[in-house]
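Here is a walk through one structure, taken step by step. Have the chains in view as you read.

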Number of protein chains: 2
Amino acid sequence: MVIGGDAAGMSAASTAKRRDPDLDVVAFDKGPYTSFSACGIPFYVSGVVEQSDGLIARSPEEHRKRGIVVHPRTEVLGVDLDARVATVRDATGSERREGFDRLVLATGAEAVALPVPGAERAEPARTIPEAERLRFALEHGGTSAVVVGGGYIGLELAEALVERGLSVTLVEQDDRVMATLDEDMAAHVQDAAEGVGIDVRLGATLEEIRERTVVVDGEEIDADHVIAAAGVRPAAGLAQDARLRVGDSGGICVDDGQRCAGHEGVWAAGDCVETWHRVLQRSVSVKLGTHANKQGRIAGINATGGAAAFPGVIGTAASRICRYEVARTGITEAEAAAAGIEVRAALIKDRTRAGYFPGSGPIWVKLVVAPGSGRLLGGQIVGTEGAAKRIDVLALAVWNEMAVDELALLDLAYAPPYSGVYDPLLVAANAAAKVA
Amino acid sequence: MVIGGDAAGMSAASTAKRRDPDLDVVAFDKGPYTSFSACGIPFYVSGVVEQSDGLIARSPEEHRKRGIVVHPRTEVLGVDLDARVATVRDATGSERREGFDRLVLATGAEAVALPVPGAERAEPARTIPEAERLRFALEHGGTSAVVVGGGYIGLELAEALVERGLSVTLVEQDDRVMATLDEDMAAHVQDAAEGVGIDVRLGATLEEIRERTVVVDGEEIDADHVIAAAGVRPAAGLAQDARLRVGDSGGICVDDGQRCAGHEGVWAAGDCVETWHRVLQRSVSVKLGTHANKQGRIAGINATGGAAAFPGVIGTAASRICRYEVARTGITEAEAAAAGIEVRAALIKDRTRAGYFPGSGPIWVKLVVAPGSGRLLGGQIVGTEGAAKRIDVLALAVWNEMAVDELALLDLAYAPPYSGVYDPLLVAANAAAKVA
């Protein structure tokens, strides 16, 4: 039994069925869809992706063709791990009990509710049905919108609404956007957001959501639409009710085989679990589709007698925000400070291509290193086309615990359309080697 | 004294002067320019880069302002290492002798002559003056061109001529283009070249270059212009005459500090030297600006009492050819076979972006691995925008001697504009892990 029909759950189900075709694999999801790309939703909201079914990698029908019994629109209300039975409620409201031998929990994440009057007026955009409702609403009226939350999803959604021609205000309670980056790097993202016309309100307290208006710090702001993007947390309630261990991060505790501690035959994967961070050397909650897919596959292997291990994460992420590419890996200066890790940092500005080559744009690279050894602990990149995926090079350097002086002499590719003769990463590594 | 005013030589000169401002640094180059981007020449020929001075990173005058005595248009005819004297000839033809204490050789590479009657009619395009002459000629007539040589430079130049509206034939004696890639990957580059209208003639013997015609396998082909791009070799004659050691690759032998064996106070860097290949575990001749810059810097550090080491190369290179991005690192299957190294290979086709995301294009990734261990020995990538610089990730994996099963679970960045949820590199690593 797999609970949750998105990336982690259906990866587990598909892997298990592929490895053991005789196994009965049953999956439940409370929504109508399976295996959809949540990361693509802002691009569907903007219209860059025209049809919502473009975001669906594999529908319930396609999974069924592969022999997986999928129950969409079916919520799992509770799990009895001793009796090996789950209580489920289908779309008609009728409840029933379903037995299982082995269980994979992939319940994902859930939005943090906005703690203000009128919160129910906010339109979420985390699932395909929510995004479909939002896009329908956008296509049928309104000229103004307020997005609550200045993280990457809030920024992506704000940009999507600007592209649809709306006047957009972004409300963030913190005094900066993109908390996943250090402030000096996030400032460029804010510039880009303001550059496309988003009215960015920082240190702003959302007080109330009214009909076509929100109140922020006592001021009324026009809002034909209010989009909530104020963060998510692991959806671990079902696991908690089943007395599975949940960590400080809010995610279900699993070992590197995605096994739930203390319960034979129970695995968990994806946004609902906590995951080992190799640089911080502790478990964290990172909610990204890339981990969900890999962890789901590992749960599927191990639930069918295999022996696969998830090696942990190092905090790599990328997005495209208002024409800037934005990426990070490892730890930021701020994360290092919060964890009590002493670091040095270097930040350089360069060009994405050879200076003389058309289409060259700015790129900022910040490296965070251990003092003395110069070991690379993290990197952040903001820049125009070609900037973000460079983060993977830094991810490998962090993963392999390389020092920046070695990185500075590394044999990276050079051609004028892709960089100056010293790649921006090498320039940054040289700068970091000097301060380490 | 620095002999050679391009990337390696002027990096050495600049580094030395910066580290020791009281040192007299003198540089000679037979051409009129210093520090130019040879890699940018095809883009100047096409007109993508409008002015040739865009390709010059730092002119003789700019170097002089930084205290380096630069003698352009001055050829070094011979070097007496015992007497510490060089014989030079300036633009007026007059010869003189110049003394030195320490010497950096950065004589670069020289074109291999075409062994056919009329070879002198071929127009080279390796230096700025040659490129200026070629572009002047192109702007003043002609509708057809033959490019001799199907390596990346020949292909880039052929594309440049197509962009100028010429009818272009590419003549290659080998039975495939892009010998730096395996044939299965090079085939995509050939497709792209033919796709933009280049008439690619493989296994073709150039027999004669006549006035406005070349003879290939007995056939006359119209050629208002004939461009030679049939390869280069290290310009090691001066070093050889000075009895410096030259290796089997044709490059000057240096240690990892760029010191010439057996001679105190003599360094060499750039296209004229041979360089340690970390995967092949032997010295090779790789003529790329990125190595020249780094090696020149290292020679400059060591020539001023420092202690820097060049860590060797792993064969990374990238180019953009006929709208495909092309890149490689480590060794190819063919190179492994030639070196007697047993390997396995996996080749996958994927998309550069999430399938539903606009602008997504094909990307082929080929990985070459050691049997058993699955250690990554090399990678090749061909694809549309965003493909080539992914090679740097494989370069780090090769550099760190990673196995593909570890690579397959690595925390790389994911966002729909940059890849599917499994990056093509991870898909390739999974495929390679299966065959290793």
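Begin with a salt bridge between the side chains of Asp423(B) and Lys389(A), where N and O lie 2.6 Å apart. This is a predicted model. Between chain B and chain A the count is two salt bridges.

Which elements of chain B give two or more residues to the side that touches chain A? Four are helices: H8 (289-302), H10 (391-399), H11 (404-407) and H12 (424-435). Strands E20 (317-321) and E21 (324-330) also belong to this group. Sort that side of chain B by class, and there are 38 nonpolar, 13 polar and twelve charged residues.

Now take the contact as a whole. Chain A gives 63 residues to it, and chain B gives 63 residues. Together the two chains bury about 5,200 Å², with 65% of that area on carbon and sulfur atoms. Three residues of chain B stand out here: Tyr356(B), Asp411(B) and Tyr418(B). They supply 15% of the area that chain B buries against chain A, more than any other three residues.

His277(A) sits in strand E18, which covers residues 275-277 of chain A. Is His277(A) buried or exposed? His277(A) counts as buried because its relative accessible area is 4%, and the cut-off for buried is under 20%. What does His277(A) touch, leaving aside its neighbours within four places in sequence? Its contacts are Arg282(A), Val284(A), Val313(A), Ile314(A), Gly315(A), Gly330(A) and Ile331(A).

Note on methods
Residues numbered from 1 in each chain as written. Chains lettered and ligands numbered in written order. Predicted model: local features only at pLDDT ≥ 70, side-chain atom pairs only at ≥ 80, totals over all residues. Heavy atoms only, no water. Contact = heavy atoms within 4.5 Å. Buried area = accessible area lost by both parts, 1.4 Å probe. Salt bridge = Lys/Arg side-chain N within 4 Å of Asp/Glu carboxyl O. Nonpolar A, V, L, I, M, F, W, Y, C, P; charged D, E, K, R; others polar. Buried < 20%, exposed > 50% of the residue type's maximum accessible area, 1.4 Å probe, protein only.
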